[in-house]
Amino acid sequence: MKALSKHCIISLLLLGLSTPLIGCEDDDPIEENNPTENNATSKKEQLDCAAACTDLGSCGADLDVSCLSDFQQTCVAQCEQDGSVAGFAQVSCATATAFVDSALALEGTCAQVNTCAPDASDYSPGGDDTWDACISDAGTYERFEPSISSAGRVAGFEEIADLLWRKDASPSKADFLAAREIYAAGEGLDSRVQRREDEHYPAVVENGEVLQCRDEGVPAKDSDRCVGPAQISPIINTAFEAGIDGKDPWVNAAKIEAALTWFMYVSTHKEAITCTVKKKDCDSAYAYYTGDKPRAEGIGLAGIFKRQVPQAHERVWDGLLAVRCWRDLDGEEEAINLDLRDRAVNQMDKALLYGLSQLVGQRTAQALAYEKNQRSAALAWLEIMVPVLERSASEINATTSTSLQSTFTSYTGAQGQAESALDDLETLYVCP
Amino acid sequence: MRARALTFLCVLLLWGDAHEARAQPTEDGARTTTRAPLEPGEAGSRVGRDDLQRRQPRSAPDALVYEPGVFVQQTAHAQGSAFVRGRTGQQTVLLFDGIRLNNALFRQGPNQYFFTIDARTIHHIDVTRGSASTVYGTDAIAGAINAVPLDPQIGKRGWAARTTVQGQYASADGLVGGRLQLDASLQDKVYVLAGVGYRSAGRLESSGPVTGVDNDDVPEVPRFEQDGRTQLGTGFDELTMDVRALVPLTKRVRLVAAYYDYRQFDSPRTDQCPPPEAPFDECLTYEEQFRQLGYLRLNAHINPTLRRTQLTLSVQRQHERRALARPGSFTTNGGRDDVTSWGLDWRSSSVWFKPHPNHKLKWMWGAQLYKDRVSSTAWITFTDNNITRLRSRGQYIEGSSALNSGLWTLGSWRLYDTLTLRAGARAAHVALESPSDEESATESIDTAWNPLVGNLGAEWWVNPWLTLLANLDQGFRAPNLDDLTSRQRTGPGYQIENPNLEPERALTSEVGVRVSNSWLEFDAWGYRSSLAQAITRAPRQSSDCPVNTPDCINSRTYLQLVNAPADAIIWGAEGGLKVSLPHRMHVRATLSWAWGSGPNPTDATLDRVPISRIPPLNGTVEGLWRSTNGWYVGTGLRWASAQTRLSLSDVSDARIPRGGTPGFATIDLRTGYKWKDVVRTNLVLENLTDTAYRYHGSSVNGPARGLRFNIEGSF
């Protein structure tokens, strides 16, 4: 593959963020796409708008734009605007690029596209895998309980998003106050942030006794395990307080966005693990990601991924179905097949982390492109989210992880830093 | 308003002439430990002043734990709710001196309101078991509990006063309290008993966690300090004040003017302090739980037909102010609910008329009218920003009101002094009004019901010591404002209102036997209580949550009150025994059993399911020896078997251990001394075996091994 200039990569990343399109320089060589490769949807390819325009032009039928992610729609709009493609077309673009594949409908339905290549041990609903037949094979999540309370919290996230970071204008004091009321609702987001433990880390043990993060003094003993009360909650509280006081609204909105994104990621994983002893926690894992919406929809983290990293969205969904499949095959009140659980949860977690890494990459580019308030907001978001990747990154490649964290320790949004960060991210996280 | 009241009072004064000092139980309601004192022929019991002194209960509900058919659940250290024949809360009537405590805001399940009676002001408590709506009106599905206060005791002494100072201490919660009481005669024209009291309790130490039946799972409620014994979410402060004046207007007319003020502060609700799985410092606290009751009462003997006439005008204010503090997010959710109840109660009873030498007839009549007006609001405060935002509605709807009224009569026909037949009826009218609240999609309410109920009874005096009894009693409970308008987090989940509920109707059939002679008192009852259209909690989906009610949609369990499609039935048996032995020794024992089932709230076609929080088989044994010089020594044993029959809502209730509540037995030792009427001391060594125990459905475990001490001095 030919190398793509960093400048072009960064420009293309911005496509996913509804920012003004920065076109690639004419003399920039464009990488050829190979959909059979595992990293077929690496950002270099997925953001290659010019190639997309070409490929789209080769398709033969109308494109169902509703199947496209925000990024892709932006790209398509740009193609239209440029006049590089006159009328989008697609029937069965077998030869389309990964970008197009990830966007277009298969056989006339909205895309259930997965251009990543799963591991051989991964669960693949309705496909060839090594798993026994199970309840998830139809490709839909079959819940244990008729209602899932976590869905209400994800809906709260959406309301907060509309008030704070999904508007064109700077959020006002009243917006922050209204958002905080949603956040603080009984049994709402705050109640779960306060108690959230990160199951990636071992339980806090003292004198042979397992301590719970909800108990006095325990969060200070292990802020990684007690991530909710020790790390996420203080970020959110401080940001709300400052936002209501009218201080740095862009930055504080971004902090809340990042902290809640972090919370939903940790919660999805946590609930999948605790489903070992409480089956309905599988429902919570599913709802913390999807907001209790089907694959083609999705709010909360699913909404973000679907818009900005659709291939990750598909793979997280497969992971959630893997978790449900495990709990179907392991129907004991307390699960006993923990090997199968770990396979399922790891599949899901890998996809989640890939999606988060892609978000970090996009926000990195945003920090470079934006100015003033929005730039500060992007930097504030990164300041919170990059350390979230540290644990997994160091497990994958300690050297690269160190490089990544080092870059962001003093990240200012300079182009060189951004290029370095994107390289590290690409090295560390591949589409699962 | 005051002028009208005085005019009204003057009219009443002209009614009759003399009256005895207190509205006594009916003449055939002798004060035994097992007989029903209020309604002849009914199952019931009385807790007397001496019992209270010896047992040294922590509260008025706690005073009932040795009564047959009564099981006291505690949702918090400063809350207690008596289950009578398996039902509590809205399905029992609570009275203070015959005045209803029940109001339109009484909620489903256990409530805290009987705790708002200062046990130190109580002369005795009468418990009537079984449906009793003919006399007590709505809510008397399973029984009635009437706390009767102390009267001035000083007697006719011209100008005289007697001061009593009382102090108390309990080790398990570090409770310290005291009461200063003045008992005065103002030239024998006015007798006054006035007092002020105070209690302050710290966190309650238990004997450790109570795990589930057949498992070692420790329930989420209560949470403990690091010592594993001291329960978070316990402790309270309490101030009380009371004035009771008796004015003998004539030999046959007496006026009572009374005011009772109970103020409880900073009482956490144990199961929400912290809530299950929440951080240790999150806590729902009743910052203020007040009840103020003032009333004027005329007792008069007017004529043989209106031999005992009692007319009471009362006003009562119940005030609650709650705060759910979440320091971790600098947030406090607050709420305030007030209900002011005006009451007018008239009741009369005749003497026994003898229309025939072998026939006697007696009648009782009565009428009640209570009007409740509600004020309710809720807010959220962000303590770091110091900003408070009012919610569109509180737990209830501001300005809603309820009217509860009825007319009743009860006749007794005694034949040959052997058989007594009774029959009674009540016509009631209950009306509720509540405005709508558009923002929270709350519907307006304007509804009324006119239930008719009756009862039949027979009492056969087989011989001088043996009596057989049978009763058939109807009860009803009209839905109240809590049922129709409240939105609240309950133990099993978030409960939403149902404005379309209909009244519950109960039918209790019971048979009993009484044995009474010079050394033995025994009674035993078997009953069947069916409840049609029982108002119960049915599971709902998140989509059923009203708009703008995030507390609902975020909840794990969604519940709505519904009328059950089939009868809920409780079978039970209970009894009491008191034996007087030589050498001034006494033994008393009780036994209670109840078994309840109702339709499955998710689908009535499925198998019936247990009724929520039905008490397990339980009982008590007390022993007492009295010396001739003022000493006594006694013991008290309470026990309960495991309760594993759980309703669907019980299973999701964090207060109930997984698999059910285990059985227990706990024993107290009691001793005390009384020197004339000058000094009295009482000591209880409680939970001698330091057993970890919990009454089924409670949030609070029983106290650890410790002592309770009381001392009183009068001068």
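A disulfide, taken here as a pair of cysteine sulfur atoms within 2.5 Å, joins A:Cys275 to A:Cys282, with an S to S distance of 1.9 Å. The torsion about the S-S bond of A:Cys275 and A:Cys282 is about -100°, so this disulfide is left-handed. Both A:Cys275 and A:Cys282 are buried, where buried means under 20% relative accessible area, with a 1.4 Å probe and protein chains only.

This is a predicted model, in which local features need pLDDT of at least 70 and side-chain atom pairs count only at pLDDT 80 or more, while totals for chains, interfaces and linings use all residues. Residues are numbered from 1 along each chain as its sequence is written, chains are lettered from A and ligands numbered from 1 in the order in which they are written, and side-chain values use heavy atoms, leaving out hydrogens and water.

A disulfide is also formed by A:Cys213 and A:Cys226, whose sulfur atoms lie 2.0 Å apart, and with -75° about the S-S bond this link is left-handed. The pair links distant parts of the chain, 13 residues apart: A:Cys213 sits in the loop between strand 2 (209-211) and helix 9 (218-221) of chain A, and A:Cys226 in the loop between helix 9 and helix 10 (227-244) of chain A. Helices here are DSSP runs of H or I with at least four residues and strands are runs of E with at least two, numbered from the N terminus. A:Cys213 and A:Cys226 are buried.

In chain B, a disulfide joins B:Cys545 to B:Cys552 at an S to S distance of 2.0 Å; the torsion about the S-S bond is about -75°, so the disulfide is left-handed, and both B:Cys545 and B:Cys552 are buried. When the bonded cysteines of chain B are numbered in sequence order, the pairing reads 1-2, 3-4, and over all chains the count comes to five disulfides.

Turning to the build of chain B, there are six helices and 37 strands. The radius of gyration of chain B is 25 Å, close to the 27 Å that the globule rule gives for 715 residues, so chain B is as compact as a globular protein of that length; the radius is taken over C-alpha atoms, and the rule is 2.2 Å times the number of residues to the power 0.38. Along the principal axes, the C-alpha atoms of chain B fill a box of roughly 70 × 55 × 55 Å, and buried residues make up 61% of the 715 residues in chain B.

Key. Buried means under 20% relative accessible area, exposed over 50%, partly exposed in between (1.4 Å probe, protein chains only).
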